[in-house]
Amino acid sequence: MSVSEEKDRHEELIQALADYDHAYHVLAQPKVPDAEYDRLFSELKALEKFHPAWVRPDSPTQRVGAPLPEGSKFPRVEHAAPMISLESLFSMDEVEAFHERVLKGLDGEGGEAPNYACEPKWDGVSASLVYEEGLLVRAVSRGDGSVGEDITPNLKAVGGVPLRLRGQAPALLEVRGEVLMPISSFDSLNEALVGADEKPFANPRNATAGTLKRLDPAPAAKRGLRIFVYELARLEGMTEPPTHSKSLDALMEWGFPVSPWVEVVDGPKGVAAFYAAMEAKRGEADFEMDGVVAKVDQKGLRDLLGSRARTPRWACALKFAPREEMTRLLKIEIQVGRTGRLTPRAHLEPVKIGGVVVRHATLHNARYLRELDVRIGDTVTVRRAGDVIPQVMGPVPEKRDGSEKPFQWPGKCPACSSAVAGKGELQFCPNLDCPAQARRRLQHFVSRGALRVEGLGEKAVELFSDAGLLSSLDSLFDLDWNAVAALEGWGEKSVQALREQVEKAKEADWPRFLFALGIPGVGPETARALCVPFPNLDSMREAAGGDKAEQKFTEVEGIGPEVAASLISFFREPRNLEVLDRMVAAGVSPLPSKSLASGGPLEGSTFVLTGTLSLSRGEVKEKIENAGGKVTSTVSKKTTFLVAGAHAGSKLEKATALGVEVLDEKGLGLLLGEDSP
Ligand code: NAD
């Protein structure tokens, strides 16, 4: 690049980043993924390092946040000490270089080696809290770092914010912390927004920012916002602790929630170990973390190092692999599910997200697709978090060049060409014989949660179907084993193993079998509930086919008219009855579930599972449910037992705090009357 090209690029980057800052900080609606922002920011920093004369006061490298919005409804407040940002690092090499810079900055002064207090970098919204004589008098947003907005009523509604300090209070105390929305609250909030025809939030951080921007503090309380305090900023009328870690102890004593994981280490190796430990916790915590922060622990050394315009020299943030990336949308494929539901699936230019190459992502349904206005050829933001299926979050309209093509929702099923039927916003293929549905139904039928036929995974079902060996569900019990043995990759041993599995499946638990049939609306819980009053296939068929069928079904707890209608139409459809008859003729005879005969030993007990258990969560859950217990996902006063495996995190802390009894796997085994679960 020539110098004049570099200058143009410099200007372009400033403009783009300023625009992204505004969308992110002021509107709480990011235009591009953080990873893209971070790349452009690093490019700008590199250019300015090379051409120091180009640095301008309005460059994003010199600024924190974004200018406050015009006409804001909140009063403005100047921060007594600026709320600056943190230097972002993306590799261990950069941490080594940071450590070198710290040592060089101290240059033998201070007389002691720096220690680093390591903490999770919680991904929320920062706020400053001011206490006078122990009483909360003001809470202020970060704003542009110098001036923020007075959001005291909202912060008072945030869980864990003490309105009055405990113990001996100083004359003045200012603390900083990160306000967060629990992932569980975020999920239910978004579900409710979608249900109410409103736009969902892109991630918990935006949901937090959006909630704090409201004048009414009620949503902040209702949406379960929480805070972790991470910095003592000002203290008057008392001696300040000599280290950051001791300050955190003091903050805890005053009653502030402090991050449960804080560790003081003596160099980059310790930071790396902490980073690895937090990365493992990332999927487990109910709050989003986007990295770890390492801060020089000794305050005397911090003072010697000082700060730059935007970031302190004594701290750094080592970021985790991003969860959102940008890529191109190549094609939209309409998939046909086992109930006939049509789901749009994005085919993407392969992109690495969190260490995994993503090629496909969900676009949920026709309405989502329409509202996002995603077009073929668009650059889109894709999010992949934990085990959740990657999803397309939306297009990046600035990247359009006019060649993108709107997507036409098909009028016909892509697999069998039947005319598509609509049920509200959802679109269906109504043809029971649709081959795509048949395959999905079979895949579900044999899956782990259903009949659990080991060795017959999704690919094998495809292979068997292509070879004409599997069609309807009953064909599983009438397989031509010679033809299976002739399939590529199927030797004598694997055929024999599959035969045994199929035999075993004939005597599956009745609730599992009912769930395996894939009746719309009948998940494992519903199936279990139905199997109490209808303890076998015959009684179920009889109920569905007889008088007052709807009433009989809706009398079962948790069954509404929709599921009742779905059961009735399933068990009255002659083709389904033929399939069931053929299964029975082939020897299929679901066994009544042991647990359902009488109230199991765990009846009335509610369990929450956490940490790494020796069996999968699904398996432990099933054991508990078979014994009559209930498994829920959040710890509350109503929880009877928390089953904690290795690396248990926040749930264990919460259970301990609430006095909920904690069991290990052995303890659960004893309750179940076995040695281990
Ligand atoms: P930052 O979020 O990277 O780091 C600083 C912040 O970390 C602090 O203000 C504080 O709120 C928080 N934090 C969490 N835990 C902490 C702890 N233990 N100790 C201290 N601080 C802690 O920096 P920023 O200035 O708030 O935002 C910049 C980042 O925001 C960028 O790196 C980018 O990823 C993102 N961003 C994205 C866009 C976009 O368009 N997608 C636009 C602007 C900014």
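Okay, let's start with a pair: Lys295 and Glu231 form a salt bridge, and their closest N and O atoms are 3.1 Å apart. Lys295 sits in strand S10 and Glu231 in strand S8, residues 226-236, so this pair ties together parts that are 64 residues apart in sequence. Just so everyone knows, this is a predicted model.

Is Lys295 buried or exposed? It's buried, because its relative accessible area is 4%, and the cut-off for buried is under 20%. Glu231 counts as buried too, at 12% relative accessibility. The strand that holds Lys295, S10, covers residues 289-296. As for who else is around, leaving out residues up to four places away in sequence, Lys295 touches a list that includes Asn115, Tyr116, Glu119, His244, Arg302 and Trp314.

How many does the rule count? It comes to 43 salt bridges.

Glu36 is buried, with a relative accessible area of 9%, while Arg39 counts as partly exposed at 41%.

Another one is Glu625 with Arg528, at 3.4 Å, N to O. Here Glu625 is in helix H23, residues 617-626, and Arg528 is in helix H17, residues 524-530, so the pair ties together parts that are 97 residues apart in sequence. Glu625 is buried at 9% relative accessible area, and Arg528 counts as buried at 18%.

On to domains. The assignment gives domain 1 (3-63), domain 2 (87-319), domain 3 (324-426), domain 4 (435-505), domain 5 (510-596) and domain 6 (606-672). I'll pick out domains 3 and 4, where the centres, taken over C-alpha atoms, are 30 Å apart. Domain 3 puts 8 residues into the contact and domain 4 puts in 6. About 600 Å² is buried between the two, with carbon and sulfur atoms giving 63% of that area. On the domain 3 side, Val336, Arg338 and Ala415 supply 73% of the area buried against domain 4, more than any other three residues.

By class, the side of domain 3 that touches domain 4 has 3 nonpolar, 4 polar and 1 charged residues.

Glu133 has a positive phi, near 50°, and it's not a glycine. It's in the loop between strand S4 (125-132) and strand S5 (135-141), and Glu133 is exposed, at 56% relative accessible area. His364 is also a non-glycine with a positive phi, about 60°. You'll find His364 in the loop between strand S14 (356-362) and helix H11 (366-372), and at 29% relative accessibility it counts as partly exposed.

Technical notes
Residues are numbered from 1 along each chain as its sequence is written. This is a predicted model: local features need pLDDT of at least 70, side-chain atom pairs count only at pLDDT 80 or more; totals for chains, interfaces and linings use all residues. Side-chain values use heavy atoms; hydrogens and water are left out. Helices (H or I, at least four residues) and strands (E, at least two) are DSSP runs, numbered from the N terminus. Contact means heavy atoms within 4.5 Å. Domain bounds come from an automatic or database domain assignment. Buried area is the accessible area (1.4 Å probe) that two parts lose on being put together, summed over both. Ala, Val, Leu, Ile, Met, Phe, Trp, Tyr, Cys and Pro count as nonpolar, Asp, Glu, Lys and Arg as charged, and the others, Gly among them, as polar. Buried means under 20% relative accessible area, exposed over 50%, partly exposed in between (1.4 Å probe, protein chains only). A salt bridge is a side-chain nitrogen of Lys or Arg within 4 Å of a carboxyl oxygen of Asp or Glu.
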